[in-house]
Amino acid sequence: MGSEMSFLPDLGIFTMGMWSIGLGALGAAVTGIVIANTDLFLSKPEKATLEFLEEIELKSLGSEQRTFKAGELWKKNGAVIMAVRRPGCFLCREEASELSSLKPQLLKLGVPLYAVVKEKIGTEVEDFQPYFTGEIFLDEKKGFYGPRRRKMMISGFFRYGVWQNFFRAWKSGYSGNLEGEGFTLGGVYVIGAGRQGVLLEHREKEFGDKVNLPSVLEAAEKIKPQAS
């Protein structure tokens with residue numbers, strides 16, 4: 001009987017210990033979610049200069065493949081360029097489709113629309129093409145994702161904004177797959193002709209953080225084509 005009574009305090013201590021561990025784990029989880037939803041710990045992008053961008057090496061993906069410096073794309077008429085995070089990502093397909101909706105206005109301005117991808121896996125680029133009406137190039141060295149490449153890892157899936165973006169794209173009928181690396185964040189650039197410089201630089205803050213379309217058009221309207 002005495003031994004049973006001496007066991008009870010031990011049981012109480014054990015139960016309190018388990019409660020403490022449980023509450024500690026819950027507190028850590030809540031803290032992690034709160035931190036994931038603040039921008040305080042997001043890696044800050046480094047602005048890309050014209051000098052940096054024009055030296056990026058790109059490869060064409062057509063039947064006649066060639067390697068060239070990115071500056072060729074905007075030398076005469078400027079350009080709108082999307083750095084695609086992952087062609088199979090349904091959020092990227094959504095943004096590509098919306099950017100492509102600007103094609104008629106861009107054509108009137110004489111401004112081309114391009115995209116770059118950082119890898120080519122299977123038919124991923126071909127499957128992405130229906131969502132994007134411009135030419136697509138390969139940026140193997142990920143220049144358009146720099147100068148300081150930023151990644152959003154698993155913590156991104158705890159962000160409220162990311163889930164809002166997921167639901168928005170899904171509700172709009174977009175779908176995708178999990179092929180390829182999708183943690184390196186992308187962006188959109190509007191680059192002026194010649195030495196005019198970078199007129200707009202949108203860096204993806206989180207998965208599905210789209211560029212503002214009116215801002216793209218506003219920047220494109222500032223492009224001053226160079227004489228041939």
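## Exercises on a predicted model

Phe158 is found in the loop that runs between β5 (135–138) and α6 (160–171); helices (H or I, at least four residues) and strands (E, at least two) are DSSP runs, numbered from the N terminus. The model is predicted, with local features requiring pLDDT of at least 70, side-chain atom pairs counting only at pLDDT 80 or more, and totals for chains, interfaces and linings using all residues. Residues are numbered from 1 along each chain as its sequence is written, and side-chain values use heavy atoms, with hydrogens and water left out.

**Exercise 1.** Determine whether Phe158 is buried, partly exposed or exposed, and identify the surface patch to which Phe158 contributes.

*Solution.* 
1. Buried means under 20% relative accessible area, exposed means over 50%, and partly exposed lies in between (1.4 Å probe, protein chains only).
2. Phe158 has 46% relative accessibility and therefore counts as partly exposed.
3. Patches are made of residues with over 30% relative accessible area and no salt bridge; like charges are joined within 9 Å, and nonpolar side chains (Val, Leu, Ile, Met, Phe, Trp, Tyr) within 5 Å.
4. Met153, Ile154 and Phe158 make a nonpolar surface patch of about 310 Å².

**Exercise 2.** Describe the salt bridge between Lys141 and Glu57 and state which parts of the chain the pair ties together.

*Solution.* 
1. A salt bridge is a side-chain nitrogen of Lys or Arg within 4 Å of a carboxyl oxygen of Asp or Glu.
2. The N to O distance between the side chains of Lys141 and Glu57 is 4.0 Å, and they meet in a salt bridge.
3. Lys141 belongs to the loop between β5 and α6, and Glu57 to strand β1 (residues 57–60), so the pair ties together parts that are 84 residues apart in sequence.
4. Lys141 counts as exposed at 58% relative accessibility, whereas Glu57 is partly exposed at 35%.

**Exercise 3.** State the distance and the exposure of the partners in the salt bridge between Glu72 and Arg66.

*Solution.* 
1. The closest N and O atoms of Glu72 and Arg66 are 3.4 Å apart.
2. Glu72 is partly exposed, with a relative accessible area of 46%.
3. Arg66 also counts as partly exposed, at 43%.

Conventions. Accessible areas come from the Shrake-Rupley method with a 1.4 Å probe; for residues, only the protein chains shown count as cover.
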